[in-house]
Each structure stands twice: as C-alpha cells, then as structure tokens.
Amino acid sequence: MEVVIVPDAAAGGELIAEAVATLLRRRPDALLGVATGSTPLPIYQALAAKVRAGAVDASRTRICQLDEYVGLPAGHPESYRSVVLREVVEPLGLDEHAFMGPDGTAEDVQAACEAYDRALREAGGVDLQLLGIGTDGHIGFNEPCSSLASRTRIKTLTRQTREDNARFFDSLDEVPHHVITQGIGTILEARHLVLLATGEGKADAVAHAVEGPVAALVPASALQLHPHATVVVDEAAASKLKLAEYFRATYAAKPDWQGI
C-alpha cells in the first residue's frame, strides 16, 4: 500500500485525476469504478477539466458503480445512478450506455447482485476503482464486520452511515436502510485501488485502515492485501498516522515514471 499525503482536497483530486488520465492514455476503453459522496468530487472536476482542455480523450471510457440504494427509483436525484450520471458521466461527455451499475429497483435483489458481479467480470474487470472511506472504516457500503471475501450483495446500513448520508436528503427518515454494494472481495479484484480521504473526521478511520491490523472490523484495512493500492489523504485526514513522516519521505523520493 502506498500512502500519499497532499495539502488539501483539491491537490488530492488533481493527483488522482492525472492518474486516471494516464490510465486512459494507455488504455482508452478502461473500466473506471467510481464512488459517490462529496469526497471524490475534486477528482471528477479535475478530470472533466482535463477532458475539456484536450489533455485526455475520455470518449471510450467505461464507468461502473460501486453501490446503489435499494428501493429508490432510478430517476430519484439521490439514487447513485443519478448521482454518477450527473457528476461523472455527463461532465466527461460520455453517453449513458458507457455506464453500468446494479439494479436497486429489482424485485429479486439477490439475482441483481449476482448479475452485476457477472457483468463486471464479463467487462474484463475494473481497471481502476476509486474509493472513499466512512468514519467507521467502511468502503463501498461494506460496514464493519463485513466478510473480507464478500461479493456484491445487499447490506443493511448502520445508523452512523445513514446519519452521514442524511445531508443529501431532506431528513434522516428518507435515507434508505438497504443498499447493493460491491463486496470487499469484488473490490479487491480491481487492478488498481485508489482511496481518497479528506478532513479530520476521517483521521481515525485512515489510521486504523493503513496502520492497524487487517480486520473485518475495519473493512478498508483489506486494501493492505492488494498489490496496487494507493491511499491519498490531506493533512487533516493524515493527522493520526504514526508513520506520516515516512510516507512523506518515500513519496518525495519516488521516481516520476512510477506514477501513483
């Protein structure tokens, strides 16, 4: 696992956007896994700016969802399908057909989960998966004590996660109780995992995920098992890292050709 400490969220977004752009220059039809929420917005904004400036051609990029609420209509503004279309697909100038995600409205949710896992495999696998981290260490919606070998499945959200997401709804009561999420085992199959965390509120979760033991109690700690995982954190999110100076030194000495 590589840990990169950046000054702020904008710097993290630019760094990761350039990594995505580098991937697209090498593999124009790459499958990019995207996360939702406020944390990854600087990534999408910086990447869209590169596309508008002609610095990278994203016209053949494929986009896939990490998770989806169960029961929200597909057209609901806070369904993750709507969010990804609004914040990623449209700004990159992509057609909706370039986008794939699980069906949160399916009558047979289990079948929809299995179908999405199968679709990811048939698409050749995810080239780069963007991740955030919850205050309790979850990735996707794999809450604490999720199996580290889990596949795409339905999960019940904790009250903490629902409270964290209530800012996107009119009230906590409107936040769904269930989601479809890629499992930790599914996430670990991506070729490159990139996690962005910003703000002091994520500092404990980052420290446990990066420097603590691999444990189901902290789902993001599973990134320690991946051969190519990058954790990008701003100063506030890095504030609880015991090895912060080591991470700064190793990144400063890294050859440019290695990228992230």
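Author: Strands here are DSSP runs of E with at least two residues, numbered from the N terminus, and the model they are taken from is predicted. By that numbering, D136 lies in the loop between β6 (128-131) and β7 (153-156), and H138 lies in the loop between β6 and β7 as well.

Reader: Which residues does UniProt list for "active site"?

Author: The unreviewed UniProt entry lists D67, D136, H138 and E143 under that name; of these, D67 and H138 are included in the lining of the largest pocket.

Reader: What makes H138 buried or exposed?

Author: The cut-off for buried is under 20%, and H138, with a relative accessible area of 8%, is therefore buried. Leaving aside neighbours within four places in sequence, H138 is in contact with G132, I133, E143, T161 and P219, while D136, not counting residues up to four places away, touches residues including E143, P144 and L217.

Reader: Why do β4 and β7 count as edges of the sheet?

Author: The open sheet has 3 strands in the order β4-β8-β7, with antiparallel pairing. β4 (67-69) and β7 each have a single partner strand, so one side of each is left without a neighbour in the sheet.

Reader: How do you know that β7 pairs with β8?

Author: Pairing requires at least two bridges found by DSSP, and 4 bridges join β7 to β8 (residues 178-181). Within this antiparallel pair, K155 stands opposite V179 in β8.

Key:
Residues are numbered from 1 along each chain as its sequence is written. This is a predicted model: local features need pLDDT of at least 70, side-chain atom pairs count only at pLDDT 80 or more; totals for chains, interfaces and linings use all residues. Side-chain values use heavy atoms; hydrogens and water are left out. UniProt positions are given in the numbering used here, feature names are shortened, and annotations may be inferred rather than shown by experiment. On a 1 Å grid over the protein atoms alone, a cavity is a set of points where a 1.4 Å probe fits but cannot get out, and a pocket is an open set with protein on both sides within 12 Å along at least five of seven lines; lining residues have an atom within 4 Å of a point. Contact means heavy atoms within 4.5 Å. Buried means under 20% relative accessible area, exposed over 50%, partly exposed in between (1.4 Å probe, protein chains only).
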